[in-house]
Amino acid sequence: MDDDIRERIEREAEKHALFNALEHGSDAEVGPIMGPLMGENPEFRQHGDEIAGVVAPVVSRVNGMDADEQEQRLEELDEALYEELMAEEEEDDQILPGLPNADEYDEIRMRAAPNPNGPWHLGHARMPAVMGTYTEEVYDGHFIVRFDDTDPETKRPDLDAYDAILDDIEYLGFTPDEVLKASDRVETYYEHARNLIDAGGAYTCSCSGETFSELKNDAEACPHRDKDTETVHEEFDAMIAGEYSSGEMVLRVKTDIEHKNPALRDWVAFRMVDTPHPREEASEYRCWPMLDFQSGIDDQLTGVTHIIRGIDLQDSAKRQRFVYDYFDWEYPEVLHWGHVQIDAYDVKMSTSTIIEKIENGELSGWDDPRAPTIASVRRRGIRGQALVDAMLELGLSTSDVDLAMSTVYSNNRELIDDDADRRFFVRDGVELPISGGPEVANPPLHPDHEDRGTRDIPVGDAVLVEEGDLPEEGGKVWLKGFGPVKRTADGFEHTDDDLEVVKSGDVDVIHWVPASENVPLRLRTIEGDETGHAEPGYADYDADAMLQFERVGFARVDEQHEDEESVAYYAHP
């Protein structure tokens, strides 16, 4: 082997060793780099017996570098291989898959299009979680929130829901670049309907729903399909003027009357609605666009590049493409996903169901802890990021996916645990007199942060403990922060046992509160309310503070009261 070949082998071996070490985050090995080394350089094969001896010291030298040095050296040796490594690392860090054909667009523009017929349940969080992450973190794009509120009757908008939804999006950590209300844009839809009529793509139809359904299913054309353009314009203008009642006249998009999918045959673009819109600005309109027409027009006019919608809405894109073809527009990229199903709740994740339960008094409101809503988990003290991270982990599967609330809880625990002080809360406790031992107990504020110190709990003459923690007479327990006690016929008596009785497993450590000096507390949980008493220091916390009730779980302080019970919301274990 001459010196030139040796130098080339060393150079090639070094770049592959660098790539191998950086890719796996560990020392490179001779074996794994021999394959690519020989495959890319067949002329080395004649020196096969000698190559391992040349490569080994190169690998050893590479393993002696730190990661920064390895990256710098790889970039010097082979910029293309370095970029490949960086792309792999970026892909590994990115929880969401890349959007199709993203490189073909100057800016990625996505929209969440909620119907404001009520505040959001938990399933709605997926929209801003995914689209906000794509536009704010992955592609530095444009995030639009568009309220699709053109159904004043069947999915009647709730005037409070507009702000409530925007507030939920902010809670989840995203800021829309643009907020639109479809009910502000009705004149724009009229303009495009007129253009569609001019293009021969729409006609007015006065068939009853039953009559048209029979024609459609038989692949027969509606008798109104060949009206002249002037008549169609006149009748559409009459629709806009409110001269028809609900069901008397519609505007249909002219598609393929023999299309294999009957749902795509001459679908309705506009219909008459007698019920006024609840927004004063839109209350005079009676001719309203159907969602597929309105949404398709808005996606084009706002430059949406990528749409993600439910797998059950596949026909929407197919309907809208007929309109896009008439206008010679390019349809956005479309992805579909399945529905999110969430465990832990007895209440169905449905806006109408939740509204019904609130109206009949089964739930106290949208933020009732038993409701599967964003308002509920927010009031319980669950951070928006915990919910977003759980939604992102579901990916973009076209199948229905299950979100375990335990995942949300785990994410939230990581976010709040360090800052959450520890306190005691005894549920419907049993009072026992106590004798001996210190007058004041001093459990730590946080077991992992000794620098925060301890809290002072005056013991008094009696304590409250949970019934399930009571030992038999003669048995012992360790009152956390106070010490060991033995149950006697008269109550608890302090003993001189040391921690060894706890370490050996002979004595349980339990929580407690003083019987005379405590805070009456109602803990609202997903299973219903629990009542009890918290240690006196609980009264020092302001609303929204997060605590961990030891051996119970994390909770958010909600309302503090001096003369009646305070209220906290249970977050999770």
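Which residue forms a salt bridge with Lys227? The partner is Glu235, and the closest N and O atoms of the two lie 2.5 Å apart. Please keep in mind as you read on that this is a predicted model.

The two ends of this bridge sit on either side of a cut-off. Buried means under 20% relative accessible area, so Glu235, at 18%, counts as buried. Lys227 has a relative accessible area of 22%, which makes this residue partly exposed.

**Salt bridges**

The count of salt bridges comes to 40. Here are three of them, with the distance from N to O.

| Pair | N to O distance |
|---|---|
| Lys227 and Glu235 | 2.5 Å |
| Arg146 and Asp299 | 2.9 Å |
| Asp151 and Arg271 | 3.8 Å |

Let us begin with Arg146 and Asp299, whose side chains meet at 2.9 Å.

Elsewhere, salt bridges with shared partners connect Arg111, Arg146, Asp148, Arg185, Asp298 and Asp299 in one network.

In soluble globular proteins, nonpolar side chains tend to be buried together. In this model, the largest nonpolar core has 47 residues, and the members that touch the most others are Ile308, Leu387 and Leu403. Helix H15 (residues 384-393) gives the most to this core, contributing 6 residues.

What does Ile308 touch, not counting residues up to four places away in sequence? The list is Met110, Val130, Met131, Tyr134, Leu335, Trp337 and Leu396. There is also a second, separate core of 44 residues, with Tyr189, Tyr203, Val232 and Val323 among them.

**An exposed loop residue**

Finally, have a look at Asp563, in the loop between strand E26 (553-559) and strand E27 (566-572). Is Asp563 buried or exposed? Exposed means over 50% relative accessible area, and Asp563 counts as exposed because its value is 79%. Its C-alpha atom is separated by 32 Å from that of Glu493, a residue 70 residues apart from Asp563 along the chain.

Terms used:
Residues numbered from 1 in each chain as written. Predicted model: local features only at pLDDT ≥ 70, side-chain atom pairs only at ≥ 80, totals over all residues. Heavy atoms only, no water. Helix = DSSP H or I, 4+ residues; strand = E, 2+ residues; numbered from the N terminus. Buried < 20%, exposed > 50% of the residue type's maximum accessible area, 1.4 Å probe, protein only. Core = buried A, V, L, I, M, F, W, Y, C linked by side-chain atoms within 4.5 Å. Contact = heavy atoms within 4.5 Å. Salt bridge = Lys/Arg side-chain N within 4 Å of Asp/Glu carboxyl O.
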